[in-house]
Structures are given as C-alpha cells and as structure tokens.
Amino acid sequence: MVNFTIENVLIAASDDYATVDVQIVDGRIAAISPNLQVIGTAIDGKNKLLLPGFFNAHTHSSEMWQRGIMSVFPLELWLAELYDFAPLDPEQIYLGALGTAVETLLSGGTSVVDHLVLIPGLELETIAIAVRAYTEVGIRAFIAPLIQDESLTAGIPSGESAQSHEPYFRSTAATLEIIEEAVRQFHRPDEGVSILVAPTGIQLCTDALFEGCIELSDRYNLCRHSHLLETKAQEKLAQEKYGCTAVTHLKRIGFLSDVYNGLRQRTTLAHCVWLNDADIAILAETQSTVVHNPLSNLRLGSGIAPILKYRQAGINVTFGCDGASSNDSQDLLEAIKIGSILHNVTDSDYQHWITPRQAVEMASLGGAKGLNIADKLGSLTVGKQADLVLYDLTNLSLLPRTDPIGLLVLGRPTNVVDSAWVNGKQIVADGKVTTINVDQLRQELFNRSQWETKRKSETVAQMEAHYRTVMEL
Ligand SMILES: [Zn+2]
C-alpha cells in the first residue's frame with residue numbers, strides 16, 4: 001500500500017473552505033490539518049479541491065451498448081425494446097462495465113452500484129466478467145445481479161382485460177441458487193467487491209423471490225437493492241397485485257427493514273417517483289434509502305420524484321445515473337446537478353431547496369449510508385478509507401474563481417477530475433484513468449458497434465396496444 005500526503009489542498013469546512021494537508025496511510029485518512037509532515041509521496045494539491053468520492057448508486061452497465069438509440073418510450077415499452085436488443089456476448093458485458101466505471105470515475109464517482117442485467121444461461125459468467133472489469137479499473141463495485149421471476153408482460157397492469165403471461169424461463173429457486181453461488185464466489189467487501197440481492201421490482205417479481213432475497217440478505221449480511229414505483233403503471237399494478245401500495249406490501253413481507261438484526265440502513269430503492277405520504281412515512285420508519293435518477297425519470301417520462309418531501313421526512317437520498325440507455329450518459333455530476341435544481345419547481349419554499357453542499361453530501365455520505373458503510377466511507381474524516389477525488393480548479397469550466405462546490409454542482413464541469421483514489425490506491429492521475437487502457441476501450445466500443453438509426457422491436461409491437469388501453473392513452 002502506497003502512503004501519500006496531499007499538500008495545500010482546498011477542502012470544505014463548515015460553510016467555508018480550508019487549505020490543509022491530508023495524510024493517507026495504509027489506505028486510510030490518517031490526518032487532516034495544515035502544515036503536516038509529508039508521509040510517503042507528496043502530491044501537490046494547490047488550486048485543487050478534495051472531496052470524498054461519490055456513489056453512482058444505481059446503474060445498469062450493459063445498457064452502454066444501446067445508448068443514443070432507444071426510442072422515445074415510457075419505461076414499460078422502452079424495456080421491451082431494450083430486451084429485444086440486449087447484448088448477449090460476455091465481452092460486451094466486460095466492455096460495458098469498463099465504460100461505466102471510467103465515466104463514473106471521471107465525473108467524481110469512486111463507487112458504482114451495478115444492477116447488472118444477466119445474460120440468460122450465462123448468469124454466473126456475466127457476474128464474473130463484471131467483477132473482472134471493476135477489479136481491473138479499481139473502482140469500488142457493488143454488483144447487484146438483476147433478477148426477476150415473471151415475464152415482461154406481467155409488468156403492465158391488466159386493467160379490465162384478462163391477461164395471461166408466459167411463465168418466466170427460469171424457476172425462482174434456480175435464480176436464488178445463482179445469487180447464492182455469486183455470493184460465495186465474489187462477495188469480498190474488504191477487496192472492494194460486494195454482491196447485493198437485487199430483485200428488479202414488484203412489477204416482475206413474486207413474493208417468493210423477494211422472500212428468498214431477504215433470507216440471503218440476512219444469512220450473508222448483504223445489502224438490498226430494487227427499483228421502486230418508477231412509473232404510474234407500476235403504481236396501478238401494485239394495487240391490482242396486492243390491493244395496497246407497493247411500499248405497504250414490501251414492508252409487510254420484510255424487504256424494507258431488517259427484522260432479525262435490528263434496524264439497519266441497507267436497503268436502497270431506485271426511482272421512488274410514485275409514493276404517497278403514507279409510503280414516505282414507511283420509508284422513513286424503515287430507514288430505507290432513495291436513489292434519485294433524475295435524468296432517467298425525465299427521459300422515460302416517469303415523473304419527478306418527491307425528493308424534497310423525502311428529505312423533510314428524514315429519508316436518506318443519494319444519486320444514480322441509471323443505465324446509459326435511459327440517460328444516456330454516466331456523468332454523475334450531471335445527475336447531481338439536475339437532481340438538485342429540478343426540485344426547485346416543485347416547492348415554492350426555497351428554504352427546502354437542495355444547496356450545492358447538500359448535494360455533495362447526498363452523493364457521498366448518502367451513498368455510503370445506503371450501503372451500510374457510513375462508518376468507513378463517504379466523508380473526509382480521519383480513520384475513514386481513502387476513496388477520494390481531486391478536482392482541478394484551474395479548469396476553464398470552473399473559472400473564474402468563485403465558490404468551488406457551487407461551480408462543480410451548478411456549472412457544467414468538463415474534464416475536471418485530476419486524480420482519484422479508491423482505498424488509497426490511485427486510479428486516476430492527471431485526468432486519466434491509469435489502471436486500464438482507455439484508448440483501447442474506445443477502439444473496442446467503436447469496432448463492436450455501428451452507426452444505426454432504424455430497428456424495430458417485435459415485443460413493443462405486441463405490447464403497445466394493450467399498454468395504451470390500460471394507461472388510457
Ligand atoms: Zn434501473
């Protein structure tokens with residue numbers, strides 16, 4: 001492990017900034033103070049801002065292959081198109097994970113939660129290759145294999161019509177076995193790779209699958225991740241399926257709180273657009289974390305999540321890019337910006353609005369809290385692990401000199417990440433990822449794709465009429 005000292009660097013201090021030295025010893029922050037003695041390598045922090053690394057707390061890495069081309073559809077039809085053209089080659093999974101990691105790192109993220117779409121029949125291979133990609137880059141990875149046990153059409157409300165659905169191609173038990181095997185093979189939190197249980201959501205999962213995930217989560221101490229009430233259709237579907245809201249149901253079956261080990265913050269829920277006040281109270285009570293994916297919610301017309309209400313209820317909120325097919329980038333700073341200022345139009349009381357400093361805390365400590373590691377990560381605190389990002393304040397997009405965090409969150413920063421470390425290991429230096437060959441990655445992404453504008457999803461053609469009827473369009 002390389003020890004180092006960042007000298008004369010700007011850090012946030014209460015409502016101001018301070019110029020300090022930061023010592024990193026054995027992967028941890030050992031001291032933060034002006035005029036420290038240099039331990040290990042000296043790093044010049046002059047005119048740079050040091051922040052804890054952000055969490056890209058919800059994404060799907062293999063969606064990289066379809067960014068830019070997805071039709072202008074709401075989630076349910078978008079998903080049908082996405083799956084008709086899903087990448088089926090493990091090498092594509094590898095490259096998609098590398099690309100996701102690189103873009104996350106270069107926009108301030110040092111951790112990624114990959115709700116990883118599995119290639120049918122090659123599920124463990126998919127997980128293995130994503131683990132390989134993230135390990136090579138050195139980003140902290142939370143791999144949440146995306147599982148379901150109902151077929152796609154079951155995710156749309158039936159309405160007045162009687163709908164029948166094909167059974168899912170793999171049994172619930174077989175799916176749970178895959179996850180348990182993935183935990184045995186790859187769950188190594190101390191080495192920067194964690195496996196999460198991650199049923200995709202109430203729209204495509206039975207109670208048996210949720211219950212199996214809860215059981216694995218308790219047995220192996222795994223965090224839980226799921227989509228929740230992303231669309232109006234899902235709100236409708238929950239009423240059809242359970243006769244109550246999805247949140248009430250998830251609480252009833254025990255997915256939200258950890259009944260065995262006392263209350264633990266380890267459930268993160270992506271989107272949370274269509275919750276009512278009673279649902280919000282339940283998320284607060286169970287200390288669930290909301291992962292806000294503002295760009296995806298806009299792109300798919302899902303709605304504006306009531307983030308200010310969540311914050312007022314005391315719910316922990318953090319940010320995600322969501323997959324690159326519904327965003328269509330992995331720029332975390334962009335998600336943080338839009339995810340903050342979007343809500344100024346939802347509440348006229350400006351005292352509730354999210355400030356740039358609050359946004360930074362949501363993106364860093366908020367992510368750590370959701371993954372039950374706030375004691376180890378998420379802030380510049382002596383004793384915490386050194387997942388750090390150094391921003392170049394002389395970059396044109398951060399000039400002239402005003403408030404560095406204001407410039408970073410409210411501006412449109414480009415190429416501003418100078419350096420990044422995960423667990424004290426430097427993986428970005430001079431604005432470049434040092435652990436993998438990014439030029440080669442670019443070449444591979446280029447060679448394995450082509451300019452494309454026209455394609456037709458057969459599944460969309462089959463589903464669209466029913467969707468329009470049931471959504472009264
Ligand atoms: Zn998602």
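Leaving aside neighbours within four places in sequence, which residues is Ala130 in contact with?

1. Ala130 is in contact with Ser61, Ile93, Ala97, Asp114, Leu116 and Ile143, once its neighbours within four places in sequence are left aside; two residues are in contact if their C-beta atoms, placed from the backbone, lie within 7 Å. Residues are numbered from 1 along each chain as its sequence is written. The model is predicted, so local features need pLDDT of at least 70 and side-chain atom pairs count only at pLDDT 80 or more, while totals for chains, interfaces and linings use all residues.

2. Of the 473 residues of the protein, 52% count as buried (20 or more other C-beta atoms lie within 10 Å of the residue's own, with C-beta atoms placed from the backbone).

3. The protein has 15 helices and 19 strands, which are DSSP runs numbered from the N terminus (H or I, at least four residues, for helices; E, at least two, for strands).

4. The protein is divided into domain 1 (4-51 + 384-436) and domain 2 (53-370), with bounds that come from an automatic or database domain assignment. The contact between them takes 21 residues from domain 1 and 23 residues from domain 2. On the side of domain 1 that touches domain 2, strand E16 (388-392), helix H13 (404-410), strand E17 (417-422) and strand E18 (425-429) each supply at least two residues, and H13 gives the most, with five.

5. In helix H7 (residues 246-253), the buried residues are Ala246, Val247 and Leu250. They lie on the same side of H7, because they cover an arc of only 100 degrees around the axis, the arc being that of the directions from the helix axis to the C-beta atoms. Among the elements that cover these buried residues are strand E12 (224-228), helix H6 (232-242) and helix H8 (277-285). After H7 comes Gly254, which has a positive phi, near 90 degrees.

6. As for overall size, the C-alpha atoms of the protein fill a box of roughly 70 × 50 × 45 Å, taken along the principal axes.

Note on methods: Buried ≥ 20, exposed ≤ 12 C-beta atoms within 10 Å, placed from the backbone.
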